[in-house]
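Trainee: I would like to go through this model with you and ask, for each label, what stands behind it.

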Amino acid sequence: MLSAKAGQLAREGGQFANSPFVTSLVKSLREPGLDLDSSFNRTRNEVIVATGGLQQPALYGTLPKLAVIAAATKQGVALPDDAAWDSLGIAADQMSLAHFTQQFPRSPWSAAAHVRLAELQRALVVSDAMRVDDESAADTIDNSPVTISCGTPGVELTFCQREVATWSRSTGNKVKVIPAPGPMDDRLSLYRKSFEKQSTDLDIVQIDVTWSGMLADYLVDLYAYSNGVEKEILPNALDAAVVNDRLVAMPWFVDSGLLFYRRDLLAKYGLNPPQTWEELAESAAKIQRGERARGVKKFQGFLFNGLAAEGLTCFALEMINAYGGEVKNDGNGGLSIDTAATEQALETMTGWIGKIAPKRVVGLSEEAARQEFQNGNVAFMRNWPYVLYLAEEKSSKLRGKVGVISLPRGGNFGNRTGVLGGWQLAVSKYSQHRKKAVSLVMFLAGIEVQKERAIQGGYAPAFGALYSDPAVLKSNAIFPDMYTAATNAIIRPSRFLGPKYDEFTSTMREEVDMALRGNKSPKAAAEAINARLKAIRVPLQR
């Protein structure tokens with residue numbers, strides 16, 4: 001058994017953690033009476049679940065099966081979900097996988113089954129599309145496909161595939177959709193390696209708003225093709241896509257940090273949505289005490305993404321700006337930050353740990369925090385706009401109970417802002433299908449597709465006019481607050497720093513992490529951030 005199949009990267013572990021593959025394999029090897037075939041299949045499935053289908057261990061050869069679903073069913077024996085899943089093996093067909101998801105909808109292996117079903121369906125769609133295109137090849141001059149990397153397995157990929165198929169049908173052009181790696185660092189690494197090799201394999205890439213500066217030299221200037229449509233984009237979103245007066249990408253959707261809260265619990269305890277971080281701490285403590293007193297011992301007042309990743313950089317900048325601070329460009333290729341505001345922000349954040357937020361918050365990603373919040377045992381949470389869409393699904397226990405507002409101010413005279421997030425679509429300068437690639441990008445990032453994505457998927461659009469569209473506003477209560485947050489959002493200095501943005505975000509997340517863990521005082525961490533930022537020098541553009 002190999003940790004990943006050909007063409008995939010195996011996820012590594014952290015400083016104090018094993019990789020998903022090793023974690024699962026070690027666990028199974030400890031079991032007495034080990035059945036190697038079942039153990040290896042289980043390891044493969046656990047890795048698929050843990051990585052959202054992005055890493056799939058490869059198995060070569062098989063050992064005799066001890067049980068199969070069909071035989072068990074025939075004999076009237078009800079297999080447990082583990083045994084049923086093990087019996088499917090790696091070559092299960094669509095019917096078997098669909099039967100499993102229906103029989104065991106709450107099984108942890110159900111997610112892996114859905115991932116494999118999606119893979120099989122994608123293979124059929126690509127096969128059918130190629131057959132149809134081959135039939136009409138004589139009517140086209142260039143029938144080779146445009147290749148786009150967009151969406152991670154799940155809802156995001158489904159939307160991308162559907163929208164691409166619409167363009168493909170209307171133009172008669174083939175498109176090959178490549179699911180993007182989920183971890184942002186993996187995706188950026190993939191794109192960089194492709195560009196550095198001047199590869200023609202990728203025509204269109206989906207990039208984070210902080211990557212435009214890093215990748216600008218490899219991307220096509222879209223000003224020559226946009227027909228001025230970019231003038232309708234939210235100014236902050238457009239700024240993030242323009243590098244040295246070149247439109248290197250088209251904004252696809254935007255994000256900004258927001259505060260989510262339990263409306264039912266605020267009403268229960270006679271509280272209003274907090275306007276300052278100090279009010280939030282008081283309200284969170286009151287609700288936490290009350291809920292724990294009535295028996296919900298694990299109830300938490302506040303969660304945020306404390307994991308030392310890009311999301312923590314975003315939240316730290318939001319907190320610093322809440323207290324009046326900002327990252328400053330000195331005009332000579334250097335950066336600095338307000339140490340007083342940074343210290344105050346870190347004092348506030350470290351003051352939550354062990355009180356209204358658990359100590360383990362330093363290991364929580366945005367999605368991990370979202371899942372815990374949606375389980376119903378958290379009063380407040382900082383996160384991204386997608387949360388409300390999931391909270392309002394029919395199956396959600398919090399449907400109709402979640403409110404959202406812009407992030408609070410730091411004190412009575414601070415700022416209410418969020419860091420601008422979101423994704424853009426860009427065309428590789430090495431593309432051999434530039435005209436078709438640009439056409440697809442302009443379609444996908446156009447106002448009609450963005451409206452559809454907003455209504456059906458909860459994606460916050462980059463076009464300002466859509467925030468006054470009745471259908472869009474009706475579809476999601478978050479959009480009015482999202483418009484305010486996006487238009488006032490903080491822009492990370494990625495365009496200015498270019499490839500050196502990695503040094504900036506590493507500085508932020510590392511120093512903030514040390515403060516949250518108690519390894520540095522807020523004052524020492526703030527001073528270290530400022531000193532390290534000053535050491536990052538960027539050559540001035542001539």
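**Labels and their cut-offs**

Mentor: Let us begin with the whole chain: among contacts (heavy atoms within 4.5 Å) in the protein with a separation of 6 or more, 71% are between residues 24 or more positions apart. This is a predicted model, in which local features need pLDDT of at least 70 and side-chain atom pairs count only at pLDDT 80 or more, while totals for chains, interfaces and linings use all residues. Residues are numbered from 1 along each chain as its sequence is written, and side-chain values use heavy atoms, with hydrogens and water left out.

Trainee: How many helices and strands are there in the protein?

Mentor: The protein has 23 helices and 13 strands, where helices (H or I, at least four residues) and strands (E, at least two) are DSSP runs numbered from the N terminus.

Trainee: What makes S406 count as buried or exposed?

Mentor: Buried means under 20% relative accessible area, exposed over 50%, and partly exposed in between (1.4 Å probe, protein chains only). S406 has 13% relative accessibility and therefore counts as buried. This residue is found in strand β12, residues 402–406, and, leaving aside neighbours within four places in sequence, S406 is in contact with L258, L259, R416, D481 and T484. Of the 542 residues of the protein, 51% count as buried.

Trainee: Why do N244 and D245 get the label they have?

Mentor: N244 has a relative accessible area of 52% and is therefore exposed, and D245, at 68% relative accessibility, counts as exposed as well. N244 lies in the loop between β4 and β5, and D245 has its place in the loop between β4 (242–243) and β5 (246–247). Phi of N244 is near 50°, a positive value in a residue other than glycine, and phi of D245 is near 65°, again positive in a residue other than glycine. The C-alpha atoms of D245 and Y223, 22 residues apart along the chain, are separated by 9.3 Å.

Trainee: Why are α13 and α22 described as they are relative to each other?

Mentor: Two packed helices are described by the angle between their axes and the distance between the axes. Axes are lines fitted to C-alpha atoms, for helices over the stretch in contact, and angles run from 0 to 180 degrees between N-to-C directions. Angles under 35 degrees count as roughly parallel, over 145 as roughly antiparallel, 65 to 115 as roughly perpendicular and the rest as oblique. Helix α13 (residues 310–322) and helix α22 (residues 501–516) pack at about 75°, with axes 9 Å apart, and α13 and α22 are therefore roughly perpendicular.

Trainee: What makes the pair α14 and α23 oblique?

Mentor: Helix α14 (residues 339–352) packs with helix α23 (residues 522–534) at an angle of about 135°, with the axes 8 Å apart, and α14 and α23 are therefore oblique to each other. Their contact is made by T339, T342, E343, L346, E347 and T350 of α14 together with P522, K523, A525, A526, I529 and N530 of α23. By class, the residues of this contact divide into 5 nonpolar, 4 polar and 3 charged, with Ala, Val, Leu, Ile, Met, Phe, Trp, Tyr, Cys and Pro counted as nonpolar, Asp, Glu, Lys and Arg as charged, and the others, Gly among them, as polar.
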